[in-house]
Amino acid sequence: MNSEQLRWSSLKVGIVVLIGLTIFVFIVSIVGTEQNIFSSTYELKLFMPNVRGLVEGAMVTLGGLKIGYVTDLRFVTKEDTTGVDITMKVLTKYARSITVSSVAQIKTIGLLGDRYVDISIGRDLEEPLAEGSLLPLRESFDLEEAGPQLNKGLKDFTELVSNARDITATINRGEGSVGKLISRPDLADDMEHFLKSLNAIAEAVEDGKGSLGRMIHDQALSEDIASVASNLRTVTDQLRKGQGSMGKFIMDESLYSSLSSFSARADTILGKAAADSSNVSKLISDPEFYSRVSKLLKDLDLLLVDLKENPDRYVKVSVF
């Protein structure tokens, strides 16, 4: 074999190795990104102010099933808001399951794993999203944003544990009502005696003893109570209907009007009597006038008494 044939043979081996390496790298890149390069796909869009660690090549799922991947991330401004425009390629065979009611959410594999996009399954008989459509975004849990709330919750839990430890120590020292109840046998005995007394009372009531027991078990007393309640209901119904004197007094507005009119007239009369100089006014407001009238009535009474006892002093009969 001459040198020219040897060079040509080495060149062919190099070309085969290069092609093999190219195919290997291509296959590894496809497998590494899990891209369905031989399947029919179409594009959907997302817009986020913050992608929170989402990268190109991240998987896209539909109800948890992988159907595509993220192909492009770029900064854009929409409606005076600057954010990241996300382009996704998804398998065309799942297009009918991504409808106008579907929403996207950024999720994490595990607690601290990679980010991916999950799309909710749309409703039946809804119109599928066209290629290039913008999916609405649902807020997702973010550990960084939840950090302050988690710290506050951890602090509150720590304080709760500390308070529980203090309460336990107080009980162990026999302080407070619970501590005394646990550490002092006499209090426990008193509690047991009290519970026994309650049990005895309950048994007496069940046996129909005492006033309470008779009230519970006596059928006649129960009927009397029911009768009283029925009578009270009848009386209240009559009062509400305005029957009887009391019912009319409560429900009849004309009686109230009459009393109000009488009160107004009496007030007017008394006002006039106090304002004018008549005998009525003097009788009400002049003490001297009242004294004179009182003295006159007393003298008249004495005169009538004397007239009955000694009529000869006042009546004289002469005979012709």
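Biologist: What makes the meeting of the Asp-72 and Arg-74 side chains a salt bridge?
Modeller: Their N to O distance is 2.8 Å. A salt bridge needs a side-chain nitrogen of Lys or Arg within 4 Å of a carboxyl oxygen of Asp or Glu. The pair passes, so the name applies. This is a predicted model, where local features need pLDDT of at least 70, side-chain atom pairs count only at pLDDT 80 or more, and totals for chains, interfaces and linings use all residues. Residues are numbered from 1 along each chain as its sequence is written, and side-chain values use heavy atoms, leaving out hydrogens and water.

Biologist: Why is Arg-74 called partly exposed?
Modeller: Arg-74 has 48% relative accessibility. Buried means under 20% relative accessible area, exposed means over 50%, and partly exposed lies in between (1.4 Å probe, protein chains only). Arg-74 therefore falls in the middle class.

Biologist: How many salt bridges does the rule give?
Modeller: Five. One of them joins the side chains of Glu-126 and Arg-123, at 3.3 Å from N to O.

Biologist: What makes Asp-85 and Lys-45 a salt bridge that links distant parts of the chain?
Modeller: Their side chains meet at 3.5 Å, N to O. Asp-85 lies in strand 4 and Lys-45 in strand 1 (residues 41-48), 40 residues apart. Strands here are DSSP runs of E, at least two residues long, and helices are runs of H or I, at least four; both are numbered from the N terminus. Strand 4 covers residues 81-91.

Biologist: How do you know the burial class of Asp-85?
Modeller: Asp-85 has 8% relative accessibility, so it counts as buried.

Biologist: What joins the side chains of Asp-85 and Lys-78?
Modeller: A polar contact of 3.3 Å. That term means a pair of N or O atoms within 3.5 Å; within protein, one must be able to donate a hydrogen and the other to accept it, and residues adjacent in sequence count only if both atoms are side-chain atoms. Lys-45, Lys-78 and Asp-85 also form a network of salt bridges.

Biologist: Which residues does Asp-85 touch, leaving aside those up to four places away in sequence?
Modeller: Among them are Leu-46, Phe-47, Leu-73 and Val-76. Touching is a contact, with heavy atoms within 4.5 Å.

Biologist: What makes the phi of Asp-80 worth a look?
Modeller: Asp-80 has a positive phi of about 65° and is not a glycine. Most residues other than glycine have a negative phi. Asp-80 sits in the loop between strand 3 (65-78) and strand 4. At 80% relative accessible area, Asp-80 is therefore exposed.

Biologist: Where is Leu-125 found, and what is its phi near?
Modeller: Leu-125 is in the loop between strand 6 (115-119) and helix 2 (143-172). Its phi is positive, near 65°. With 89%, Leu-125 is exposed.

Biologist: Why are 25 residues called a nonpolar core?
Modeller: A nonpolar core is a set of buried Ala, Val, Leu, Ile, Met, Phe, Trp, Tyr and Cys residues joined through side-chain atoms within 4.5 Å. The largest such set has 25 residues; Leu-44, Met-88 and Val-117 are among those with the most contacts inside it. Strand 4 gives the largest share of this core, five residues. Met-88 itself touches residues including Leu-44, Val-117 and Leu-135.
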